[in-house]
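Morning, everyone. Please look at the structure on the screen, and we will walk through it together.

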Amino acid sequence: MSELNGYKSGSNLEKVLRAGHFAVTAELGPPKNADGEVVRKKAGILKGFVDAANITDNQTAIVRMSSIGAGVIAFQSGLEPVMQMTCRDRNRLGMQSDLLGGYALGMRNILCLSGDHQTFGNHPQSKNVHDIDSLQLVQMVVGLRDKASLQCGEEIKGLNPRFFVGAAENPFGDPFDWRPYRLGKKAKAGADFIQTQLIYNVPRFREFMKRVVDLGVHKQVYILAGVGPLKTPGAARYMRDQVPGMDVPDEIVARMEAAGKGIEDRKQKAAAFKEEGLRICVELIQQMREIEGIAGVHIMAIEWEEAVPIIMERAGLLPRPVP
Amino acid sequence: MIVAEQKPLKEIQSLVGEAQTVLIVGCGTCVTVCFAGGEKEAGILGSLLRMSARMEGHEKSIGEVTVQRQCEWEYLDAIGDRIAEADIVLSLGCGVGVQALAERYPDAIVIPGLDTKFMGLPLEQGVWAERCAACGQCILGLTGGICPIARCSKQLLNGPCGGSSKGKCEVNPEIECAWQLIYDKLNAQGRLDLIMEITPPKDWRTGRDGGPRKIVRQDLRLVVTEEA
Ligand code: SF4
Ligand code: SF4
């Protein structure tokens with residue numbers, strides 16, 4: 001461990017959090033093709049504005065460039081990746097070999113996920129794996145690092161991968177009363193950081209965080225609150241009505257709708273919607289900073305990476321610390 | 001019980017093909033109870049096949065017989081003569097029944113008339129739901145009697161996932177979230193401590209992942225073999 005100076009992984013994200021800075025991560029969705037240029041471009045937009053960026057893993061069960069492949073490109077472009085890994089597509093053999101390979105290629109952060117069910121995506125006929133679940137995945141990655149052993153218990157001879165280990169939690173998933181305990185289970189499994197699902201209902205999130213703080217879980221794990229700019233009122237309505245486990249209050253939808261009132265020109269209208277989406281996002285970040293137990297934010301600007309530098313600037317989160 | 005559904009008539013017809021003499025074999029156990037392949041269904045299917053053959057202008061000889069339990073060889077002995085006369089044997093048993101027939105009568109051409117769906121129970125008249133996936137190492141004692149392997153869409157042992165919403169599974173609002181059920185049950189019984197600890201990864205060898213399974217009970221065997 002000595003060469004890591006007391007850090008678990010030595011990743012930038014870990015250093016920023018350990019130094020007590022309000023951390024910011026973003027999301028980079030790899031393309032649905034083999035064009036590395038797309039990743040390079042997106043990485044170029046985010047580079048320098050966030051502490052690390054999640055590289056999604058076949059998000060919404062749609063085939064995309066792999067998280068490791070795109071992660072390496074991001075890394076080479078100067079953006080620290082958070083490699084995402086779902087339990088849907090690989091068993092414990094595949095996962096561990098990808099963890100070894102990913103680490104060898106420079107990955108230092110990982111986010112462990114169950115994964116959206118494959119029936120949502122473009123291969124609904126496929127088999128799913130779910131050999132282990134996301135909590136067990138956290139335990140497995142922590143075991144690779146802290147015990148230098150594979151999941152089966154076999155010792156890793158030679159260099160073992162030392163990841164900064166993350167997990168996700170949806171504060172608005174049901175049962176609401178159980179969520180803080182489940183978060184506690186993730187901390188107990190050894191997670192170093194948590195990124196939450198998108199938050200629009202701040203009072204409800206505060207209630208969740210109060211319980212998390214009462215349990216002391218915020219002292220065991222860094223919690224990054226998920227925020228994201230809405231593009232259109234339609235997107236807000238869709239999230240409110242169609243996405244299981246999302247909580248978008250009516251007043252947010254109403255604000256988005258009101259932003260376009262009286263504007264005839266389509267382009268201007270779209271710009272007004274986006275502007276309101278950005279404004280709401282910046283306000284959310286300010287509110288998150290006030291909540292006890294929140295160590296940072298995770299900005300999910302899906303297919304709208306350009307929004308991130310604007311949000312960071314307006315939220316007063318620039319320049320990023322260099323720990 | 002094993003719950004099955006009859007295949008579409010078109011598919012059955014194409015499986016039967018040109019065969020002249022067809023013997024439909026129903027089963028008197030699970031598939032009778034779930035109205036898929038009992039005596040009554042065998043009779044109806046026989047009539048349908050006869051009628052459609054006649055409409056297409058050819059005669060087929062279609063017989064029906066129902067055994068008490070198609071998944072045991074000894075129950076199949078009595079129908080040997082009928083099977084010998086048939087060009088094709090159309091089984092209305094579950095997948096086990098079809099194979100039992102094919103094993104007991106190696107020369108017969110046996111085809112399935114049902115799609116075997118799951119192990120489950122009737123919720124109400126005409127509605128069945130899956131309950132067990134035969135994982136081979138039952139954990140119901142940890143989960144309030146609700147199976148997360150068969151009933152959670154992601155087989156989570158430390159659920160629920162983030163998609164659980166108002167008691168429903170993210171996959172489909174028709175599906176109850178197994179982990180909401182587990183939580184509610186254990187909460188009501190004051191036994192949430194059972195899921196406070198992290199359940200370790202499952203050893204799937206006891207399930208299908210260990211290869212096809214077999215149970216040998218020496219205490220029950222008639223011919224006991226010496227095993228090294
Ligand atoms: S735990 Fe296994 S054996 Fe028990 S009900 Fe579930 S699938 Fe069946
Ligand atoms: S919503 Fe519930 S049943 Fe569906 S996958 Fe998630 S935990 Fe399992």
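Which residue stands opposite B:C132 in β7(B)? B:M119 does.

Some ground rules. This is a predicted model, where local features need pLDDT of at least 70, side-chain atom pairs count only at pLDDT 80 or more, and totals for chains, interfaces and linings use all residues. Residues are numbered from 1 along each chain as its sequence is written, chains are lettered from A and ligands numbered from 1 in the order written, and side-chain values use heavy atoms, with hydrogens and water left out.

In chain B, β6 (residues 114-124) and β7 (residues 127-132) run antiparallel, joined by five bridges. Strands here are DSSP E runs of at least two residues, numbered from the N terminus. They pair if DSSP finds at least two bridges between them. β6(B) and β7(B) form a hairpin, with two residues between them. In the turn, B:G126 has a positive phi of about 90°.

Now the interface. On chain B, 29 residues are in contact with 31 residues of chain A. Contact means heavy atoms within 4.5 Å. The buried area is about 2,500 Å², and carbon and sulfur atoms give 54% of that. Buried area is the accessible area (1.4 Å probe) that two parts lose on being put together, summed over both. Of the area that chain B buries against chain A, B:K154, B:I198 and B:P201 supply 23%, more than any other three residues.

What about charges? The rule finds one salt bridge across this interface. A:K188 and B:E197 meet there through their side chains, at 3.3 Å, N to O. The rule asks for a side-chain nitrogen of Lys or Arg within 4 Å of a carboxyl oxygen of Asp or Glu.

Notes. Helices (H or I, at least four residues) and strands (E, at least two) are DSSP runs, numbered from the N terminus.
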